[in-house]
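Thanks for making the time this morning. I would like to walk through one model with you, going from the whole chain to a few single residues.

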Amino acid sequence: LVQLAKMAGAASVTLIEPVAAKREIALKTGADYAIDPINEDVKARAMEITGNMGFDRVLESSGASSAAKAALEIVVNGGHVLYFAMYNPSFEMPINLFTTYYQKGITTTGVLFSDRCFEKAVRLLPRMDFTNIIQREHPLADYDKAFADMASGQYIKVVLRCND
């Protein structure tokens, strides 16, 4: 998403990520700032980075309910929050409609996954730099190791090689 945000014209990109190695890679692949949500106050750091305004756009891609709520706290008045992640189907987020929409004028959007997205995503692949993003590769026969690596949360992307 860091690279896609830059391709879409973002002047500055900030990543919020608890894993130090992932923050370092984000900085190598185009992020201007990286915030550690475990050891830093996310809202205070966001306000510091944005001159006390908040981010114009927040792309929440972690799937963590705490991050879903925090996204509304770090977006600028009149800004846009895009919920890109898949959340637990039972997760319900209370939103103060008056504050969120009427006082702050925030727009919130989710992502519709459909078969029409695949072709567009494939066309973006040649423009992406996966050098630092693909951190593990496994032959198809070792799918169990690949899924274990993916589930560990330590790697950005894990790839199954389906051919030699």
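**Charges, folds and cores**

Let me begin with charge: the protein carries 17 positive and 19 negative side chains, and the centres of these two sets lie 4 Å apart. Here Lys and Arg count as positive and Asp and Glu as negative, while His and the chain ends are not counted, and each charge is placed at NZ of Lys, CZ of Arg, CG of Asp or CD of Glu.

Please keep in mind that this is a predicted model, in which local features need pLDDT of at least 70 and side-chain atom pairs count only at pLDDT 80 or more, whereas totals for chains, interfaces and linings use all residues. Residues are numbered from 1 along each chain as its sequence is written, and side-chain values use heavy atoms, with hydrogens and water left out.

Now the overall layout. The protein has seven helices and seven strands, where helices (H or I, at least four residues) and strands (E, at least two) are DSSP runs numbered from the N terminus. From that end on, the elements run α-β-α-β-α-β-α-β-α-β-α-β-α-β, and the C-alpha trace spans about 55 × 30 × 30 Å along its principal axes. Of the 164 residues, 26% are buried, a word I use for under 20% relative accessible area, with exposed meaning over 50% and partly exposed in between (1.4 Å probe, protein chains only).

How many salt bridges does the structure hold? There are seven, a salt bridge being a side-chain nitrogen of Lys or Arg within 4 Å of a carboxyl oxygen of Asp or Glu. In one of them the side chains of Asp-32 and Lys-6 meet at 2.9 Å, N to O. Asp-32 sits in the loop between α2 (20-28) and β2 (33-35) and Lys-6 in helix α1 (residues 2-7), so this pair ties together parts that are 26 residues apart in sequence. Asp-32 is partly exposed, at a relative accessible area of 36%, and Lys-6 is partly exposed too, at 29%.

Another salt bridge joins Arg-23 and Asp-36, at 3.6 Å from N to O. This pair links distant parts of the chain, with Arg-23 in helix α2 and Asp-36 in the loop between β2 and α3 (42-49), 13 residues apart. Are these two residues buried or exposed? Arg-23 is buried, with a relative accessible area of 14%, and Asp-36 counts as buried at 9%.

Turning to the nonpolar side, the largest nonpolar core has 14 residues, of which Phe-55, Val-58, Ile-74, Val-81 and Tyr-83 touch the most other members. By such a core I mean a set of buried Ala, Val, Leu, Ile, Met, Phe, Trp, Tyr and Cys residues joined through side-chain atoms within 4.5 Å. The elements that give two or more residues to this core are α3, β3, α4 (65-71) and β4 (75-83). Leaving aside neighbours within four places in sequence, Ile-74 is in contact (heavy atoms within 4.5 Å) with several residues, including Ile-16, Val-42, Met-47 and Phe-55. A second, separate core of five residues includes Val-2, Val-13, Ala-26 and Ala-31.

I will finish with a backbone detail. Most residues other than glycine have a negative phi. Asn-52, although not a glycine, has a positive phi of about 65°; this residue lies in the loop between α3 and β3 (55-60) and counts as exposed, at 64% relative accessibility.
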